Amino acid sequence: MKFVIAFLLASLVCLHLRAQYVSVLKEYKPAPGQVINTEGAGSPAAAASVCNSNNGLVSLGSFGGYVVYAFDEPVENDPGNPYGVDFVIFGNAQSDWSEPGTVMVMKDENNNGEADDEWFELAGSDYFFSNTIKSFNLKYINSGGTS
């Protein structure tokens, strides 16, 4: 199985002659956010709605939320794919806002079906910019107020 982690509202599809969608939701850990704990985008059912479809929607909340999916078949490096793109993540970027994220991939080298092998970060559109901030931590603190 091929595991993919995505930090954004996403639907994942592998680009082959036939579409291969993520097939298994392995883990869903959203960060606090405006639609978390809502049925439409902020629940485990919403995260599972992305599987085997390009119609699902999942929110990972604000910074730090993540989801782990698996493909039934490995994503192949296919030189026949347009521009060398072997899989796509569809997000919800709009003309007046975007929700950037990090994408990491892993190959199940030990064939145990778990996401416990080496992960690799894919370089996104801003990865190599000199002003891109990397390797930082964020801690959420509940101040005891109402939400």
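Predicted model: local features only at pLDDT ≥ 70, side-chain atom pairs only at ≥ 80, totals over all residues.
Modeller: Residues are numbered from 1 along each chain as its sequence is written, and side-chain values use heavy atoms, with hydrogens and water left out.

Biologist: Why is Ala 45 called exposed?

Modeller: Ala 45 lies in helix H1, a helix being a DSSP run of H or I with at least four residues, just as a strand is a run of E with at least two, both numbered from the N terminus. Exposed means over 50% relative accessible area, buried under 20% and partly exposed in between, with a 1.4 Å probe and protein chains only; because Ala 45 has 55% relative accessibility, it counts as exposed.

Biologist: What makes Phe 63 partly exposed?

Modeller: Phe 63, in the loop between helix H1 (44-48) and strand S5 (66-71), has a relative accessible area of 47%, and is therefore partly exposed.

Biologist: Which residues form a nonpolar patch with Phe 63 on the surface?

Modeller: The others are Ile 133, Phe 136, Leu 138 and Tyr 140, and with Phe 63 they have about 540 Å² of accessible area together, by the Shrake-Rupley method with a 1.4 Å probe, where for residues only the protein chains shown count as cover. Patch members have over 30% relative accessible area and no salt bridge, with nonpolar side chains (Val, Leu, Ile, Met, Phe, Trp, Tyr) joined within 5 Å and like charges within 9 Å; a salt bridge is a side-chain nitrogen of Lys or Arg within 4 Å of a carboxyl oxygen of Asp or Glu.

Biologist: What makes up the largest nonpolar core?

Modeller: A nonpolar core is a set of buried Ala, Val, Leu, Ile, Met, Phe, Trp, Tyr and Cys residues joined through side-chain atoms within 4.5 Å. The largest has 15 residues, and those with the most contacts inside it are Tyr 28, Ala 47, Val 58, Val 67 and Tyr 69. S5 and strand S7 (103-107) each give two or more residues to this core, and S5 gives the most, with three.
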